[in-house]
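Here is a walk through this model, from the contact between the chains to the sheet and then the helix pairs. Keep the 3D view open while you read.

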There are 2 protein chains.
Amino acid sequence: MITGKNYIGNQLSAEGNKVFNTFNPMLNKENKWAITEASADEVNQAVELAAEAFKSYSKISGAKKAEFLRAIAKEIEALGDTLLEVYCAESGLPQGRALGERGRTIGQLLAFANHIEDGNWVEASIDTADSNRQPLPKVDLRKMNVPLGPIVVFGASNFPLAFSTAGGDTAAALAAGCPVIVKSHPMHASTGELVASAVIKAAQNTGMPHGVFSNLNSSGIEVGQLLVQHPKVKAVGFTGSIKGGRALLDLAAKREEPIPVFAEMGSVNPVVLLPKSLNNRAEAIAKTYAGSITLGAGQFCTNPGLILGVKSQGLTHFINVLAQEIIKVEPSCMLHPNIAAAYERNKKKALSQKGLEVLASYENEVNINYGRQAVTTVDGSTFLNNPTLHHEVFGPFSLVVQCENESQLEIIISKLEGQLTGTIISDNNEVSDYINIVNALQNRVGRIIFNGVPTGVEVCASMQHGGPYPASTDSRFTAVGVDSIKRWVRPFSYQDWPNNLLPDALKNENPLGLLRKVNNFKTTAKI
Amino acid sequence: MITGKNYIGNQLSAEGNKVFNTFNPMLNKENKWAITEASADEVNQAVELAAEAFKSYSKISGAKKAEFLRAIAKEIEALGDTLLEVYCAESGLPQGRALGERGRTIGQLLAFANHIEDGNWVEASIDTADSNRQPLPKVDLRKMNVPLGPIVVFGASNFPLAFSTAGGDTAAALAAGCPVIVKSHPMHASTGELVASAVIKAAQNTGMPHGVFSNLNSSGIEVGQLLVQHPKVKAVGFTGSIKGGRALLDLAAKREEPIPVFAEMGSVNPVVLLPKSLNNRAEAIAKTYAGSITLGAGQFCTNPGLILGVKSQGLTHFINVLAQEIIKVEPSCMLHPNIAAAYERNKKKALSQKGLEVLASYENEVNINYGRQAVTTVDGSTFLNNPTLHHEVFGPFSLVVQCENESQLEIIISKLEGQLTGTIISDNNEVSDYINIVNALQNRVGRIIFNGVPTGVEVCASMQHGGPYPASTDSRFTAVGVDSIKRWVRPFSYQDWPNNLLPDALKNENPLGLLRKVNNFKTTAKI
């Protein structure tokens with residue numbers, strides 16, 4: 001069932017001469033599937049097909065696209081246990097996580113199907129003509145969102161399903177009316193091929209144009225570079241490291257026609273512990289955070305890598321309990337030997353920083369490729385003066401910063417890099433006394449959480465997953481939730497256009513029954 | 001009244017040692033006002049003040065910001081004839097245009113005041129919690145738009161009021177809750193200072209924080225570069241040449257923290273003449289276009305620089321009438337000797353291209369700095385093979401491309417660079433037979449016009465002014481109309497946040513009475 005080939009539109013293809021295998025980190029050995037990297041010619045074929053498919057796919061109705069997305073969801077489900085087994089073999093993640101992530105992926109596809117079906121997402125806006133206006137008559141203008149063109153999606157290492165082949169970026173782009181070319185993540189190429197086969201089957205069953213979807217394998221960076229540089233590619237979605245995301249952003253910025261790159265990158269997700277909450281429930285908070293830090297071996301972009309508080313008995317108590325609790329957690333397998341090795345390297349580098357104290361570090365022997373958690377602490381001034389401590393250590397690692405006072409806490413927050421999330425742990429109304437802290441945190445993040453943990457990113461309309469750089473490359477968009485469709489569309493205006501030739505969303509009769517902005521008022525009325 | 005100084009927040013300041021004068025192109029001599037370029041230190045002061053002002057200004061209510069914008073409009077009007085006189089002296093544009101542009105500028109400020117007053121523009125979205133959801137409880141999430149931070153606006157050469165100091169970019173940014181630092185256009189520095197004085201007066205009268213607005217003079221590119229590179233600047237708005245816009249985009253992309261640059265740049269605004277319309281009314285179309293090409297000495301980003309048709313008797317007739325009509329128009333003064341010289345240079349370059357035929361060129365003696373119009377023609381293959389002919393000649397210039405057939409016309413359209421507008425001239429239902437042409441044109445433009453002229457950009461909600469690169473740097477946004485506020489905001493989510501600490505837009509009680517998305521349905525109801 002797994003061929004190791006690329007999907008160039010509906011066709012399996014393996015013209016390249018570079019072959020690689022994915023790796024099972026649990027068994028510490030290569031998987032059996034031999035994957036063929038896409039050739040430069042195959043990259044070009046996929047993009048040309050996508051550009052051709054765009055001509056018809058960009059015009060397909062919301063209802064038809066919804067049918068396509070629902071068919072993808074059904075076909076992914078139909079892959080059954082095979083998908084779950086391959087997922088686990090290529091990620092070291094447990095079956096429960098595979099099941100959960102498959103559910104999330106299917107849920108995302110269905111959410112986009114629901115979102116686009118009625119057509120309201122195009123944000124139809126109409127200003128009618130006024131031939132009597134002085135000094136000049138007013139023209140008729142009608143605006144709606146239209147798709148950008150072929151989109152390249154990079155599969156993520158840490159979400160083999162939900163942020164990969166048919167994950168959030170792909171679902172959003174297909175929903176928008178954009179063909180998608182996936183650059184499959186090399187760690188999950190077989191998982192990717194299975195999901196790609198589901199997308200292709202769904203495309204064929206629902207009559208979508210050849211080239212609406214392609215899936216390209218790669219072991220190195222060349223395929224991705226060719227894709228981002230291709231003149232017919234109009235935007236890029238990426239989930240991964242700051243280094244990787246920035247490289248793509250730079251590449252896209254140097255094109256003759258620069259294109260948008262939405263990269264959701266790293267984040268240390270600061271958690272601020274307010275004094276009363278520490279006084280009253282340091283133990284409970286510490287236990288919760290021991291769980292959040294080690295969840296999924298810390299391989300989440302929302303992992304709480306930085307915990308901030310003002311020096312106090314409560315904070316000391318929190319630190320002590322966190323240290324005790326964290327080493328009770330059984331380490332788990334990381335995604336790949338390279339990721340496990342990078343974690344050990346980055347952890348070691350952090351631990352070697354002057355002034356940093358190790359609170360607890362799991363030192364027992366573990367299986368190979370398992371990530372051994374560590375929590376550390378440092379005082380406020382040391383943190384402020386050492387940028388290395390501000391950077392993410394991808395894995396089950398966290399740093400508690402003990403600030404001298406509230407004012408230092410505020411300064412530290414205001415000097416943080418951009419973050420996906422920020423969390424305030426507070427007792428009842430305590431937070432009202434720390435509005436400056438909250439405002440400083442708000443300026444650095446995309447989502448602010450009250451008395452919770454940053455891990456767990458709800459897929460819903462009100463989710464903002466994307467923050468100031470380097471959390472993401474453009475804080476004006478989200479990577480999660482239905483509004484992520486906005487990354488792949490542009491507004492388009494028709495001036496004095498004949499009614500019968502307008503898209504349904506903008507016709508006088510309002511055949512789709514949309515809630516439209518008409519002369520500045522929202523209405524479902526006809527013109 | 002004109003001091004030649006910079007506004008660093010509310011303070012007039014002239015620490016720099018570089019002084020320059022603006023130029024009156026009608027009189028062909030320097031204006032009397034000596035303008036002092038901002039020093040690096042003044043640039044820094046302005047940005048630091050803006051960052052400080054952001055802390056409070058970002059939280060001010062829509063009603064208060066609307067009051068500020070209306071006060072700016074009032075103060076601009078109160079500048080009276082002085083503003084109009086200085087405008088004309090620094091642009092060579094006639095009094096009527098000054099009046100019209102002042103009206104537009106005031107209209108834009110009032111439109112943004114109306115847009116933000118009720119608060120609906122923040123796009124409030126709420127997903128309520130569900131503690132019983134399986135397998136995991138659902139958190140409460142609430143999202144709205146929040147301002148990005150200090151914005152730098154570059155004044156435009158061709159719109160000394162409407163796209164400069166208190167023009168569209170500034171009005172949109174102030175409406176969003178972002179402090180603005182204007183890099184005044186060197187050709188209109190005194191006009192800029194007058195308008196800046198109105199903004200400052202309005203800010204003081206309505207109690208806005210010191211630093212919410214600054215206005216910096218410059219003769220060269222250094223001040224702009226310092227601004228775009230300043231770490232506390234969060235986005236940039238620019239209207240001008242492709243070369244200038246691209247330089248800023250590249251500079252912003254190289255920052256440690258890349259920031260969005262919205263540059264609205266050049267465009268040749270293709271006009272497609274369909275055969276029946278040419279057959280039936282070639283003469284009327286030619287007369288209309290002779291006017292549109294020469295309007296404002298062709299100094300509009302929507303000037304029709306490229307006219308496309310299939311070879312026919314009708315097209316020949318159109319060409320002949322256009323040639324006759326265009327030289328009947330009296331040339332007018334261009335904005336500056338440099339712009340007049342660049343026009344002559346670019347026109348000469350275009351005229352020297354192989355295969356290009358001059359249809360008509362105004363050759364009579366004219367006043368110095370006046371732009372003498374020219375219309376030219378070329379066949380389809382020559383156009384396709386010569387990229388120079390695809391580029392804008394800023395001024396009263398246009399090129400008619402005579403295509404061999406419909407298929408060549410479609411190819412030519414599909415190979416055009418991105419454009420602000422595209423126009424179809426059609427008889428009644430003729431256009432229905434040219435859907436491929438329309439679709440090809442739609443892919444290259446931001447706004448498509450039926451039987452009109454591209455000049456004249458209506459300021460309304462349904463306007464899209466911004467197209468695929470290089471018409472603008474990000475086709476996902478507009479530079480004109482209230483939706484241009486979206487360039488300066490980002491979505492922000494609150495998770496499980498206490499109701500009393502939420503912004504009014506997201507509170508359970510819905511105190512602003514907004515139309516909000518609640519659990520995926522639009523409603524004005526309370527939670």
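How many residues does the contact take from chain A, and how many from chain B? It takes 52 from chain A and 52 from chain B. Keep in mind that this is a predicted model. The predictor gives the complex an ipTM of 0.97 and a pTM of 0.97. For chain A, the mean pLDDT comes to 96, with 100% of its residues at 70 or more.

**Where the chains meet**

Which of them gives the most? That would be β21(A), with six residues. Sorted by class, the side of chain A that touches chain B has 22 nonpolar, 15 polar and 15 charged residues.

β21(A) also pairs across to the other chain: three bridges join β21(A) to strand β20 (residues 445-450) of chain B, and the two run parallel.

**A sheet with strands from both chains**

Now follow an open sheet of 12 strands, with mixed pairing. Its order is β15(A)-β17(A)-β18(A)-β13(A)-β12(A)-β19(A)-β20(A)-β21(B)-β6(B)-β5(B)-β22(B)-β23(B). The edges are β15 (357-361) of chain A and β23 (521-523) of chain B, each of which pairs on one side only. From one strand to the next, the twist averages 25 degrees.

Within the chain A part, β13 (residues 306-310) and β18 (residues 397-403) run parallel and are joined by five bridges. A:I307 finds its bridge partner in β18(A) at A:V400.

What lies across these strands? Helix α10 (residues 313-326) of chain A does, covering β12 (271-273), β13, β15, β17 (374-379) and β18 of chain A. Relative to β15(A), α10 runs at about 40 degrees.

**Two helix pairs**

Next up are two helix pairs, one in each chain. Packed helices are described by the angle between their axes and the distance between the axes. Here are those values:

| Helix pair | Angle | Axis distance |
|---|---|---|
| α2 (residues 62-78) and α6 (residues 189-205) of chain A | roughly 135 degrees | within 8 Å |
| α3 (residues 80-89) and α4 (residues 95-117) of chain B | about 120 degrees | 9 Å |

Take the chain A pair to begin with. At roughly 135 degrees, α2(A) and α6(A) are therefore oblique to each other, and α2(A) passes α6(A) in a right-handed crossing. From α2(A), the contact uses A:F68, A:A71, A:I72, A:E75 and A:I76. From α6(A) come A:V195, A:A198, A:V199, A:K201, A:A202, A:A203 and A:N205. The contact residues of α2(A) and α6(A) divide into nine nonpolar, one polar and two charged.

Over in chain B, are α3(B) and α4(B) parallel or oblique to each other? With an angle of about 120 degrees, α3(B) and α4(B) are therefore oblique. The crossing of α3(B) and α4(B) is right-handed. B:L83, B:L84, B:Y87 and B:C88 of α3(B) meet B:Q95, B:A98, B:L99 and B:R102 of α4(B). By class, the contact of α3(B) with α4(B) has six nonpolar residues, one polar and one charged.

Technical notes
Residues numbered from 1 in each chain as written. Chains lettered and ligands numbered in written order. Predicted model: local features only at pLDDT ≥ 70, side-chain atom pairs only at ≥ 80, totals over all residues. Pairing = 2+ DSSP bridges. Helix = DSSP H or I, 4+ residues; strand = E, 2+ residues; numbered from the N terminus. Axes fitted to C-alpha atoms, helices over the stretch in contact; angles between N-to-C directions. Contact = placed C-beta atoms within 7 Å. Parallel < 35°, antiparallel > 145°, perpendicular 65-115°, else oblique. Left-handed = near helix turned anticlockwise from the far one by under 90°. Nonpolar A, V, L, I, M, F, W, Y, C, P; charged D, E, K, R; others polar. pLDDT = per-residue confidence, 0-100.
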